[in-house]
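I opened my notebook beside the viewer and jotted down what I looked up.

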Amino acid sequence: MPSARQACRLLALALLVAALTACQPQRPAGSVIVATKNRIDSLDPAKASRVGVMQVLSALGDPLYAIAADGRIEPRLATALPRLSADGLRARIPLRRGVVFHDGTPFDAAAMVFSLERFRKIGTLGYQLSDRVAAVRATGSHEIELELKQPFSPLPRLLSAIFLTPVSPTAYRAHRDAPLASRFVGTGPYRLASWSPQQQRLVPWERYWGRRPANGGLALVTLGNSTALYGALRSGEVDVLLNSGLEIDHQQALHREAAAGRLRETVGPAMEIGLLSLLTDQPPLADPVVREAIAHSLDRSLLSRRVSLDIRPPLRQLIPPSLPGSDPAAWPDYDPARARGLFRQAGYCRGRRLELPLTFRSDIPSDRLFALTWQAQLRRDLDDCVALEVTGMESTTAYDQLGKGSLALFFYDWIGDYPDAENFLVPLLGCSKARGDRCLEGNSALSGSFWTSPGLEEELQRSSRIDGPQRIGLLQAIQRRTSRANPYLPVWLMAPVAWARPELSPPRYDGSGRVQLGELRREAGR
Amino acid sequence: MSRRRELARYVAARLALAPVMLWLLASLVFLLLRVAPGDPIDALLGPKAPAAARAALRQQLGLDRPLLEQYGHFLGQLLRGDLGTSQAAQEPVTAIVRDTLPASLELGLVALILAAAVGLAVGFSGIARPEGKVDLAGRLFGIGTYALPPFWAAMVVQLVFAVWLGWLPVGGRFPATLVPPSGSGFYLLDSLRAGNLPQLLGSLRHLALPAATLAVLLSGIFTNALRLNLRRALGSDYVEAARSRGLSERRVVLHHALPNALLPVLTITGITVASLIGGALLIEVTFSWPGIAARLQEAIAQRDYPLVQGIVVVVAALVVLVTVAVDLLVALLDPRIRF
């Protein structure tokens, strides 16, 4: 029997535990908690390059243009699409009046010029602007002019990038040439109430020019692993969960919950692709017949089913289907008989097996699963012709080795900085110095394929000068041309997914693949 | 030479050697980071940024300078107490350390106190009847908790108490909807000083699972250390002498055996504290605890040279200080120790 003193201690401990578990903090009325795996190290748009920070900035700032869910370009801080000069080298953009920064200062052309110049100077992705724009100037109190280095038809799409959101020149006066990580003073529907890399609190901006947020504020939290994210939504600790960093099993479990009506699920437009890069300037992949054989040996449907539980649909093009220039069947389809024939043509199968080293990113769980599943699939289909030797390598090391031509076959993913086909073709195929079909310098070398083709670079450049159906035709032609050489093999498409608790409205995505945080609201009666 | 002077000489020698040790460590980290494969530019820009942009960023970060020049710059900064600026976060390293170190220390200290309380209580409980049921259970507890894989244990605790039962938060350090307390960075202390109950409860709720998990994992060390040393002490001559003087068993254990048995435990505590300064990585990662270990792991993945160097130097300096302090304390408590 415990003594009275022991009983008192036990009781005190039980009371403490009960108090801790019962005393859940009160949530401010109407506020919504959104969880993701992405840490926000800096809120400076000039330093933004990752998906997580772009999502937060989309609530705090406004771009000049936005891509609507149906793909249309809508003016936001601009009031109309750019007015181009006859030679296409000057673009005038009228700006919205009556917009106020979160510090109370007015938004005008000078502020926009300040922000764009600052981005060109210190932006991590500053090259996206400075490669295309020679100068930015104010041509009126609410009009700016961009002087382009060459005609650039995806200009409004580039200007829809949230990293180009304007910041208050007054608040950033001391940070004209230096980043400001812990604050953000922009024009968006929310203003920043508090920041830490793991937690940001956003409250509605009372003087916002547009539609006011449907909720009373946002709390954005970072949870470091997939189990924690999954558990936080299941237990109701958070209201909305974004799938970035969430393991496939957890995504599948949440999908089932949503199908059963216990959660709300929304899939956004896919802006991320998974692909294989083939080193085309070294044997054995220097032989286009071998590359074509590998292209036919890839059972995307099986891989999608086994690795991603059908969450990542198979992809046979480099451009996500929601973007202009899409060509859904550009790359060769799975055909093991044809693959065998091609391997034979290249001198394999008859007692000679191609040993192919495949490198995957060891810090991404699904990449490992992909490598092992493809290895098993090839063993099943073409065991006498080809065998994969799979090796894991940490991402940063692998990217370094990729550009040095050390990886024969590498599986990774790519997400465009802004939603345009150019952002998927140029980073993979661009080449500034070539010899024949071999790219010596440029994006194609950095991406590990070292492949180009005479005239391809000119076609890529022309595709960003022209517009409309002509451009779409050219983009499709570039894809077809690339698919015949197979320097890359698109594998699957990775769409953003958001899940919300049933008492919330279903999350909505814009055309850039970002959740419209301002539209999240608690629904009456749920 | 008097004992006090001996001790002073010993401490002075240890402290005088500390800068040399820190310099060696800092140099080693500097070199290893640059020898290791991977490029900070890839981590910051991804693999497909144009060569010109990569070159510009390399220049901006000073990575284009000769290695010796970079090393000289790093040492110069270090001598001035400047740890540099994080390449990824563009924040001073000192600010990042100031934000993350208190989180690790708070978690570590609370876990250590809990671990010592539980571990010593369990270790002590079997003394009355050695090899009895309680003693056996204590031994099993000691071995079991010591052998538990931390990551697995943390995941199970998280799943049971946070996901299934929903009693406590799954991760993080503070409720998302509250404003964290400002001050020292030790949330418990800051919220107590501010007299803010919601903040205190919020901090405690978030601290409970990671601290309890870490405490359970650490408690086995205390259990085993106390149990073994206490048994050894109870079989020693001075204890027999005390018993033969007719002292009660309670007095023999508490006043004669226990103080001697606790001395090695103090050394173990010192080593544990030193290891916890660097953070309990797996616990921090599992419970999304924003501590210095998780930050270091991320900095290594990003090849954030200044941040890795800065964290290693700060942690090493603290470890040196703690080990010297523990040596000093043990020497003060145990007159048998010679230097």
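Here are my entries, from the whole chains down to single residues.

**Ground rules**

I noted that this is a predicted model, where local features need pLDDT of at least 70, side-chain atom pairs count only at pLDDT 80 or more, and totals for chains, interfaces and linings use all residues. Residues are numbered from 1 along each chain as its sequence is written, and chains are lettered from A and ligands numbered from 1 in the order in which they are written.

**Chain A overall**

I looked up the secondary structure and found 16 helices and 20 strands in chain A. Here helices (H or I, at least four residues) and strands (E, at least two) are DSSP runs, numbered from the N terminus. The radius of gyration of chain A is 26 Å, close to the 24 Å from the globule rule for 526 residues, so chain A is as compact as a globular protein of that length. For my own reference, the radius is taken over C-alpha atoms, and the rule is 2.2 Å times the number of residues to the power 0.38. The C-alpha trace of chain A spans about 85 × 80 × 40 Å along its principal axes.

I then checked burial, and 53% of the 526 residues in chain A are buried. A residue is buried with 20 or more other C-beta atoms within 10 Å of its own, exposed with 12 or fewer, and partly exposed in between, the C-beta atoms being placed from the backbone. Of the contacts in chain A with a separation of 6 or more, 68% are between residues 24 or more positions apart. A contact means that two C-beta atoms, placed from the backbone, lie within 7 Å.

**Chain B overall**

I counted 14 helices and 0 strands in chain B. Its C-alpha atoms fill a box of roughly 85 × 60 × 40 Å along the principal axes. Of the 339 residues in chain B, 40% are buried. Among its contacts between residues at least 6 apart in sequence, 71% join residues at least 24 apart.

**A sheet in chain A**

I traced an open sheet of 5 strands with mixed pairing, in the order β15-β14-β16-β13-β19 (chain A). Strands pair if DSSP finds at least two bridges between them. The edges are β15 (386–393) and β19 of chain A, each pairing on one side only. Neighbouring strands are turned by 25° against each other on average, direction ignored; the axes are lines fitted to C-alpha atoms, and angles run from 0 to 180 degrees between N-to-C directions.

Strand β13 (residues 272–278) of chain A has 6 of its 7 residues buried. It is joined to β16 (residues 409–415) of chain A by 7 bridges, running antiparallel, and A:L276 stands opposite A:F411 there. With β19 (residues 488–494) of chain A, β13(A) pairs over 6 bridges, also in the antiparallel sense, and A:S277 has A:Y488 as its bridge partner. On to β14 (residues 354–361) of chain A: 3 bridges join it to β16(A), and these two run parallel. A:F360 is bridged to A:F411 in β16(A).

**Cores**

I looked up the largest nonpolar core, which has 160 residues, with A:V34 and A:A35 having the most contacts inside it. Such a core is a set of buried Ala, Val, Leu, Ile, Met, Phe, Trp, Tyr and Cys residues joined through C-beta atoms within 7 Å. Helix α9 (residues 197–234) of chain B gives the most to this core, 16 residues. Apart from it lies another core of 70 residues, including A:I319 and A:F360.

**Where the chains touch**

I found 49 residues of chain B in contact with 44 residues of chain A. On the chain B side, α9(B) supplies the largest share, 6 residues. That side divides into 33 nonpolar, 10 polar and 6 charged residues. Ala, Val, Leu, Ile, Met, Phe, Trp, Tyr, Cys and Pro count as nonpolar, Asp, Glu, Lys and Arg as charged, and the others, Gly among them, as polar.

I spotted a cis peptide bond from A:P283 to A:P284, with omega near 5°. A:P284 is in the loop between β13 and α8 (288–297) of chain A. Phi is near 55° at A:L309 and near 55° at A:N486. Is A:N486 buried or exposed? A:N486 counts as buried, because it has 24 C-beta neighbours inside 10 Å. A:L309, with 14 such neighbours, counts as partly exposed.
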